[in-house]
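Colleague: I'd like to learn how to read cores and sheets in a model. Can we go through them together?

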Amino acid sequence: MKIGDELRGVLRGTVLTAGDEGFEQARKPWNRAVDQPVRAVVEAADADDVAALVRHARLAGLTITTQPSGHGATGNTGEVILLRTARLDELDIDPGERTARVGAGVKWGRVLEAASPYGLTGLAGSSPAVTVTGYTLGGGLSWFGRAHGFASQSVRAFDVVDATGSRARVTAETDPDLFWALRGGGGDFAIVTAIEFDLHPAPRLYGGRMLWTADRAPAVLDAYRQITATAPDELTVWYDLLQFPGAAPLVAVDAAFLGDGGDAQTLLRPLDKISGPLSDSRAMMPVAQLGSITAEPTDPGPGRSRAELLTGLTDDVVAALLERPIDPLLSVQLRHLGGAFARPSDTSAGHVAEPFALYMFGIPGQDGGAAVRDRQHQIADALIPHTSGRKPFTFLAPGERAANAFTPQTLARLRALKRARDPRGTFRSNFPVLG
């Protein structure tokens, strides 16, 4: 019997295999530069359907990769069953308890819209199109992480299907080892069908982007260094070198502040001294509009990225970043970390001692992305004395390994748990801990 027929015999959701209408589209990841070969695509009807799939895969010796929205794909999927969880779309906000419960298919934009009227927020990143589950399993670097830590630190409970196909509710009390692993260790240990997490007060939010021509890049970076040197945890500021296709190079600063506009303007005053801004969108805003700060694309597309963690923003780092134009890259971004990110954590995401994250992104051209990759390597090589070698899990790129994201002690513990909980290798995350 063909695998598609086998799966349709045990599942109520949609099953697609090669030759079926819609299969080629269904197997594609968010990053269209990544080819993702799979044996079948399953869109589960609900959590019971997920459990039925796992039980069948376990008996048949199959492997499952779960991608709620396709972010973080590496193409390391040959012969796997690709599980989509878009139909697991429950969303419940409890403003009294300041908690949210979301299904594995829910994206951050919906959570922010639902929580915003209550003056609350989850620890979302820059894109409203990313699912809460995938983002949180990888730790989750939020706009508000300097104040509240990784998104994974706010999780209260996971609903999961384990490698035996059994459903369970995982908390710090019911299964402390698995709870620890799921809060930042990726999707290698169980399939998460829902998450419950704390929401945080956000009655006032000030944010937006200032934009200049690239000749202001040194002055803007100098102001950025001044601001981040004394920024309170409620303020997060990103610095962006931008090169949009067919346009002149630009420099931008993106900011989000949990507080009043007047306080934010005082903290950001060094930027106002730089002449000639092309635009300034900074204003008080509801949390639901958080994604408008960077206005990242909300539709899939091709891209190549690389990230590094910087041990500081010294004069040598500044010189390396500004030495020459970033072309053919689309953006080179500095994210200020520190604050709660740097404090001890009881999660597998751990803490990040490095004060800045560097994220480089480009769109592959006709050369398959070779020029983009080479430019990323050039910048990274120039910064080697000032990078730690570790990378945030959700910033890992195809060709990198989970080992790049964890301390040796954390990696060893994750690997031991993987071997104990999934000895048959029924689950494979985008970045397997045993890889």
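Colleague: Which residues touch the most other members of the largest nonpolar core?

Modeller: A nonpolar core is a set of buried Ala, Val, Leu, Ile, Met, Phe, Trp, Tyr and Cys residues joined through side-chain atoms within 4.5 Å; buried means under 20% relative accessible area (1.4 Å probe, protein chains only). Here the largest core has 52 residues, and Phe158, Leu182, Phe189, Phe197, Leu205 and Leu290 touch the most other members. Two or more residues come from each of several elements, including strand S8 (155-161), helix H7 (176-182) and strand S10 (191-198). H7 gives the largest share, 5 residues. Helices (H or I, at least four residues) and strands (E, at least two) are DSSP runs, numbered from the N terminus.

Modeller: Before we go on, this is a predicted model: local features need pLDDT of at least 70, side-chain atom pairs count only at pLDDT 80 or more, and totals for chains, interfaces and linings use all residues. Residues are numbered from 1 along each chain as its sequence is written, and side-chain values use heavy atoms, with hydrogens and water left out.

Colleague: What does Leu205 touch?

Modeller: Contact means heavy atoms within 4.5 Å. Leaving out residues up to four places away in sequence, Leu205 touches Phe144, Phe257, Met285 and Leu290, among others. Phe257 also belongs to a second, separate core of 39 residues.

Colleague: What is the strand order in the open sheet of 4 strands?

Modeller: Two strands pair if DSSP finds at least two bridges between them. The order is S1-S2-S4-S3, with mixed pairing, and strands S1 (14-17) and S3 (64-66) are the edges. S3 pairs with S4 (residues 81-84) in the parallel sense over 3 bridges, with Ile64 opposite Ile81.

Methods:
Buried means under 20% relative accessible area, exposed over 50%, partly exposed in between (1.4 Å probe, protein chains only).
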